[in-house]
Amino acid sequence: VHIVESGGGLAQPGGSLTLSCTAAEISFSLNSMGWHRRVPGKQRELVAHITSKGTNYLESVKGRFTISRDARMNTLTLQMNNLQPEDTAVYYCNSPWPPFHTWGQGTQVTVSS
């Protein structure tokens with residue numbers, strides 16, 4: 001499995017970024033998927049995930065982040081609005097819980113003025 005995340009970059013506080021994920025071997029419409037993030041020295045955390053029953057978010061990103069999937073394009077997206085410095089991390093797309101697919105490289109999000 002080859003997961004590819006993209007869309008990260010530098011944003012100012014209050015700004016927005018849109019992350020995208022593709023993986024030819026995973027059907028995003030048939031599988032629960034999630035966005036995780038990792039800050040060096042801290043444990044990885046599940047930021048948002050989507051299942052057949054709906055979406056769930058980490059409390060700190062509720063109302064700011066939106067996870068969605070496009071069945072036709074087989075992509076997973078994370079729309080991030082009102083970004084804050086504490087959102088700075090490497091973001092990864094994967095199953096929300098074990099067993100995980102092979103992790104991709106992730107995409108760096110840096111929020112700074």
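In which strand is threonine 75 found? In this predicted model, threonine 75 belongs to strand β8, which covers residues 75–80. Threonine 75 has a relative accessibility of 17% and is therefore classed as buried, the limit being under 20%. Leaving aside residues up to four places away in sequence, threonine 75 touches Cys21, Thr22, Phe28, Ser68, Arg69 and Asp70.

Six strands form an open sheet with mixed pairing, in the order β2-β10-β9-β4-β5-β6. The edges are taken by β2 (9–11) and β6 (54–57); each has a single partner strand, so one side of each lacks a neighbour in the sheet. On average, neighbouring strands of this sheet are turned by 20 degrees against each other, direction ignored. The pairing of β2 with strand β10 (residues 107–111) is parallel and runs over three bridges. Glycine 9 lies opposite valine 109 of β10.

The model contains four salt bridges. Arginine 37 and glutamate 45 are joined through their side chains at 2.7 Å, N to O. Arginine 37 is buried, at 4% relative accessible area, whereas glutamate 45 is partly exposed, at 30%. Arginine 37 also forms a salt bridge with aspartate 87, at 3.0 Å, N to O. This pair links distant parts of the chain, with aspartate 87 in the loop between β8 and β9 (89–94) and arginine 37 in strand β4 (residues 33–38), 50 residues apart. Both aspartate 87 and arginine 37 are buried. Arg37, Glu45, Arg64 and Asp87 are linked in a network of salt bridges.

A further salt bridge connects the side chains of glutamate 59 and lysine 62, at 3.1 Å, N to O. Glutamate 59 is exposed, at 60% relative accessibility, and lysine 62 is partly exposed, at 46%.

Conventions:
Residues are numbered from 1 along each chain as its sequence is written. This is a predicted model: local features need pLDDT of at least 70, side-chain atom pairs count only at pLDDT 80 or more; totals for chains, interfaces and linings use all residues. Side-chain values use heavy atoms; hydrogens and water are left out. Helices (H or I, at least four residues) and strands (E, at least two) are DSSP runs, numbered from the N terminus. Buried means under 20% relative accessible area, exposed over 50%, partly exposed in between (1.4 Å probe, protein chains only). Contact means heavy atoms within 4.5 Å. Two strands pair if DSSP finds at least two bridges between them. Axes are lines fitted to C-alpha atoms, for helices over the stretch in contact, and angles run from 0 to 180 degrees between N-to-C directions.
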